[in-house]
Amino acid sequence: MTSLADTASRVRGLELGAVDYVTKPFVRAELAARVRAQIAVRAGARALAEKNAELEQAAAALARARDTLEAEVIRRTDELMATNQRLTHMNRVAAMSELAASIAHELNQPLAAILSNAQAARRLLQRPTPDVNEALSALADIVDDDRRAATIIQRMRAMLKKGTPRADGQNLNELASEVARLVGNDALLRGVALRLDLTPRLPEVRGDGIQLQQVVLNLVVNALDAVADRPAGARLVVVRTRGNGKDRVLLSVEDSGKGIAPAEMERVFEAFYTTKAEGLGVGLPISRSIVEAHGGRLWAENNPGEGATFWCALPIGEEKGA
Ligand SMILES: Nc1ncnc2c1ncn2[C@@H]1O[C@H](COP(=O)(O)OP(=O)(O)O)[C@@H](O)[C@H]1O
Ligand SMILES: [Mg+2]
């Protein structure tokens, strides 16, 4: 409150820290109004500063949360990738032990034939008058059987070769036939009729032959398991190939087993889901990830009659240069 009403004095007063002024003689109501206004301004400024501090704290907390989240996402991604690698390996091991059993059985046959032909040749040559011609024919059979055994071992080697994923033209008919050869004896032993129903001149798909073969092998071995409880004569597995007339080829594995409960239709593709005492529950999830990595789809349906069909749809490969 001042009696210095000239402009210089007012400015000086404000410069010294006054927030307002009234000059004498003052009107009581004006003074009260100005004081109230200043109190309101002060309260407003304080509230604003508090809100500002709160906001800054919230922003800092948010930034910390984001950093933690990012670190967590990176950690989980690493974990998932490591798990995926382990699963791929486990599945390979599981598929290989299935294969090893089937191949051991396949090798038994030429080995037994070689033994009996070798014994026969020895007897023929030990005769008082050796039958050289018959002995030669037994030896020729031994050579044939030996070649057959070598082919079986070569196939095993090709399956075991680790190698990086390749993207060559693959013929699903050949893959299906090869898998049928690999598990043929196993199917026979289990009393399962394994049939191929292949569409001739099927377009090729681009992909890794070993991986795709593993998918077909997984599906066929599951189908063999699925029909195990059926009576002899009712155990049927059919591997089909079809084109869709444009951009995809389909491979299906149909079985006459007990099918899949509708609620489990997607769960069967989950890692570690298994209903088998010795099951790992990794065959289907790995198969699905292989098919999806090839731009395709893998799913299951129950048949109208009995059993289930697993479908694998893959995009056909572009013709080179087209
Ligand atoms: N053809 C099929 N018919 C019925 N159930 C199936 C079939 N294929 C797979 N399943 C079910 O899906 C589960 C998971 O299969 P998979 O991932 O190959 O693991 P695993 O064969 O080791 O159990 C099986 O345990 C079985 O319950
Ligand atoms: Mg399986």
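Which polar backbone atom lies 3.3 Å from an oxygen atom of ligand 1? In this predicted model, the atom belongs to Gly-283.

## Contacts of ligand 1

For Thr-275, an N or O atom of the side chain is 2.4 Å from an oxygen atom of the ligand. For Lys-276, the distance from a polar side-chain atom to a ligand oxygen is 2.7 Å. The protein covers 91% of the accessible area of ligand 1, which on its own amounts to 530 Å².

## The shell and the pocket

Ligand 1 sits in the largest pocket. Two helices each give two or more residues to the shell around the ligand: H5, spanning 209-226, and H6, spanning 283-293. Helix H6 supplies the largest share, with three residues.

In total, 18 residues surround ligand 1. The closest are Asn-222, Asp-255, Thr-274, Thr-275 and Lys-276. By residue type, the shell consists of nine nonpolar, seven polar and two charged residues. Thr-275 and Lys-276, listed among the closest residues, are also the residues whose side chains were described above, at 2.4 Å and 2.7 Å from ligand oxygen atoms.

## The annotated coiled-coil region

An unreviewed UniProt entry lists residues 45-72 as a "coiled-coil region". In the model this span is 100% helix and 0% strand. Helix H2 is assigned to residues 28-126.

Most peptide bonds are trans, and most residues other than glycine have a negative phi.

Pro-25 belongs to the loop that runs between helix H1 (7-15) and helix H2 (28-126).

Arg-201 lies in the loop between strand S2, residues 193-197, and strand S3, residues 205-207.

Key:
Residues numbered from 1 in each chain as written. Chains lettered and ligands numbered in written order. Predicted model: local features only at pLDDT ≥ 70, side-chain atom pairs only at ≥ 80, totals over all residues. Heavy atoms only, no water. UniProt positions renumbered as here; feature names shortened; annotations may be inferred. Helix = DSSP H or I, 4+ residues; strand = E, 2+ residues; numbered from the N terminus. Near = heavy atom within 4 Å. Polar contact = N/O pair within 3.5 Å; in protein donor to acceptor, adjacent residues only side chain to side chain. Areas by Shrake-Rupley, 256 points an atom, 1.4 Å probe, with all protein chains shown as cover. 1 Å grid on protein atoms, 1.4 Å probe; cavity = no way out; pocket = protein on both sides within 12 Å on 5 of 7 lines; lining within 4 Å. Sits in = over half its atoms within 2 Å of the grid points. Nonpolar A, V, L, I, M, F, W, Y, C, P; charged D, E, K, R; others polar.
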